Structure formats: C-alpha cells, structure tokens
Amino acid sequence: MTYLLDALQFVTGYIIPFLLVLTLLVFVHEMGHYLVGRWSGIRILAFSVGFGPELLGWTDKHGTRWKFCAIPLGGYVKFYGDEDAASTPDYKRLEAISPEERSRTFLGAKLWKRAATVAAGPIANFILAIAIFAVLFAVYGRSVADPVVAQVKENSAAAKAGILPRDRLIAIDGTPVATFDDVRRYVSVRPELEIKIRIERDGAFLDLPMVPERTEISDQFGNKMEVGIIGIVTDQDAGNFRLVTYGPIEAIGQGALQSWHIVTGTFDYLANLVTGRMKADQLGGPIRVAQASGQMATLGVAAVLQLAAVLSVSIGLLNLMPVPVLDGGHLMFYAVEALRGKPVGAAAQDVAYRIGFAMVLMLMVFATWNDISMFFG
C-alpha cells in the first residue's frame, strides 16, 4: 500500500504538473506554425500534441486532423506534401500533383512564407513567455531592492576589492544596475571572470575590479547549482525592499525584459560551458524539468506559470539553434536558398537532417544522464 501511495504521489505531484506545462508549451509552439501556415495558404493535414497512436482527435472543416497522441513529449504540424511528422518532403507525391496543388504544399510555398511559418513556432513561445510574465507582474507586482550593500562577507571577492557597507552599485562592466537582482543576475553567470563594478560612496564614484567566486549553492528545495558570487548582502534598511506594481503596458515591457534576461543568461551559460567556468552537469533533461514542475506546483499557480514562462523562452531559443531538424536548421537552409537562388539539394538536406537528429538525440541522452546522476549519483 505504501508503494502505491508513493507512486500516486509521484504521478500527481510531478508527472501531471510536468505534462500540463509541457502540453501548454507544445500547443503554443505548434499553433504558431499552424496559424502562419494557414495564413500563407499552406494546407495543413494534422495538428498533433504528442506522438505515436492517436488517443483523441477530430477533423475540422478544412481537413485538418486535430489529435492528442499517446506519447505526450512534443508535437507537430504536418503540412500537405510532407512525408512524416518531421516535415520531410514527399518528393514522389509532389511530382505527381498539379502545379496548383503544389502551391498549397509547404515545399511549394514561396521562400518567405516557408521561413515565416517555421519561425512562427519559436516566436509563439517568446510571446507566451512575455504574456505570462506580464500577467504575473500586473497581478502580483514585483519585489525589488536598491543595489545598496548592507554587509560584505569576510574574504569575499567584494571584500578584497574594497567594497564597504552602504556603497551603492551603479554599473557592472558599463551596464547600469537599478536593483539588487540586476547585480545578482549579472554576477551569477560570470564565475571566475573579472568584472568591474562602479560604486557610489559619499558622493564619489569608484571603479573596483573583482573576480566572482564559483560557488555551489542550494535552492529552497535542495537543488544544487554553481554560480558566481562576490559576497555582498542587502537588507530592508539598506535596500529598501518594496513591491512595485505595473499597469498593463508597463507589465508587457517588463515581461519582454524578463524574457530577454533569460535569453542572455542562456548564452552566458553556454559561453561558460565552452570556457570551462561551469560544469555541463547543470544541463537538465525531462526528468529535471518534471522535478521542477512538481516543486513549483507546491508553491502555487503563480510559481508554475513562472516556470512555464522560463521553459517557453528556453524552448523557443533551443528551436532557433541552427541545427538541422530544429526550426533554426530549416531557417538556415532557407538563408542558403535565398543566397543561392535555389534550394539546397535533397541529398544534402537528408544527410544534414540525419546529423542534426543524431546531435539532438545525443544532447537528450546527455541531459537525461545528468538527471539520473543527480538523483542516484
């Protein structure tokens, strides 16, 4: 009985929140492809959430089959003229149809229409993230603190550089900082990389170089991660913690800014991987995402929505990577086609897609192995 209760708790606490978040992100991504494809005059045969056998579905008046499938780990839009869910062109069928019918296939559409249809998926994910952040900011507001130092930890990078309590941080590497979170966000992704912080002290400005220390920290759930820290703390007296509320337009702007922070943070993390300043074991896969979904679910709907927004940006960004089989890989081929004046050959595309599929598969295996190592290592 204990095992059954544990299994039920695992399903309700982790699997269901994970699938709800993933389904939302996949649906919005594929809806981007679908809407722009329809607007471009491309016939759409299927809109699927999930892969494998169909569990539930219906066909609309345009002939599109809408369906939910047994493996809820992705989705696809299948266009007229595609051979499979990966949008591989069915060249034999394309040769057999009339020019008028061919114009309604994905391959037969004009270059800019194909590019717009492909790009619409990741763009939809960015729009979703901005919308979620905007709603959260408009409804709940945002807790902020001034970038004023209350305490400097002994022997920290900040202490060695000469930062003192009551110093106000003005900019880091020339980038202005308005809140303490701005400082934390900038420093955390730059472990062991020299930065220059401009401070204001008694009306005078000083530029202090320092190197954030790479430090392992734990979040409220005990999840460990490596970040850069300089060893400064603020409090209510120094930082003036307060809740900032936003109107609808301001909230959208803040949502876009928050999404942009995730994009730049992702590139900073990748740069740290390449240079060895961060370990690749922080790269998580579906198991870790499921864990995060369950943990956020214990904090309420707002926390789950925030996680969904972060993941939506990540999915949009990942799909724009110039890797064949991803949306970015398709866009890369379209860029080459625009320069050459003709499409990349079918054989070359086939080889590239096979390589791209192997790369994505290896990344998924590596990320999943990291997840397993985190739980059992």
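Is the crossing of α4 and α10 left-handed or right-handed? Please describe that contact closely, then show me what surrounds it.

Reply: One caution comes before the details. This is a predicted model.

Now to your question. α4 and α10 cross in a left-handed way. Helix α4 covers residues 111–140, and helix α10 covers residues 301–319. For α4 and α10, the axes come within 8 Å. Their crossing angle is roughly 155°. An angle over 145 degrees counts as roughly antiparallel. The two helices, α4 and α10, are therefore roughly antiparallel to each other.

Which residues make this contact? On the α4 side they are P122, N125, F126, L128, A129, I132, F133, L136 and Y140. On the α10 side they are A302, L305, Q306, A308, A309, V310, S312, V313, I315, G316, L317 and N319.

A309 sits in helix α10. Its relative accessibility is 0%, so A309 counts as buried. Leaving out residues up to four places away in sequence, A309 touches A129, I132 and F133. Look at I132 in particular. A309 and I132 are 177 residues apart along the chain. Their C-alpha atoms are separated by 6.1 Å.

Helix α4 also meets helix α11, which covers residues 327–340. Here the axes come within 9 Å and cross at roughly 160°. That makes α4 roughly antiparallel to α11. This crossing, too, is left-handed: α4 passes α11 that way. From α4, the residues involved are L111, R114, A115, V118, A119 and P122. They meet D327, H330, L331, Y334, E337 and A338 in α11. The residues of the α4 and α11 contact divide into eight nonpolar, one polar and three charged. P122 of α4 is listed in the contact with α10, and P122 is listed again in the contact with α11.

Now step back to the whole chain. It has 377 residues, and buried residues make up 40% of them. Its secondary structure comes to twelve helices and twelve strands. The accessible surface of the chain is about 20600 Å². Carbon and sulfur atoms hold 64% of that surface.

Elsewhere, helix α6 spans residues 180–188. Its buried residues are F180, D182, V183, Y186, V187 and S188.

Most residues other than glycine have a negative phi. E192 is not a glycine, yet its phi is positive, about 60°. E192 lies in the loop between α6 and β7. With 44% relative accessibility, E192 counts as partly exposed. N240 also has a positive phi, near 55°, and is a residue other than glycine. N240 is placed in the loop between α7 (236–239) and β12 (242–244). Its relative accessible area is 37%, so N240 is partly exposed.

Conventions. Residues are numbered from 1 along each chain as its sequence is written. This is a predicted model: local features need pLDDT of at least 70, side-chain atom pairs count only at pLDDT 80 or more; totals for chains, interfaces and linings use all residues. Side-chain values use heavy atoms; hydrogens and water are left out. Axes are lines fitted to C-alpha atoms, for helices over the stretch in contact, and angles run from 0 to 180 degrees between N-to-C directions. Helices (H or I, at least four residues) and strands (E, at least two) are DSSP runs, numbered from the N terminus. Angles under 35 degrees count as roughly parallel, over 145 as roughly antiparallel, 65 to 115 as roughly perpendicular and the rest as oblique. A crossing is left-handed if the near helix is turned anticlockwise from the far one by less than a right angle, and right-handed if clockwise. Contact means heavy atoms within 4.5 Å. Buried means under 20% relative accessible area, exposed over 50%, partly exposed in between (1.4 Å probe, protein chains only). Accessible areas come from the Shrake-Rupley method with a 1.4 Å probe; for residues, only the protein chains shown count as cover. Ala, Val, Leu, Ile, Met, Phe, Trp, Tyr, Cys and Pro count as nonpolar, Asp, Glu, Lys and Arg as charged, and the others, Gly among them, as polar.
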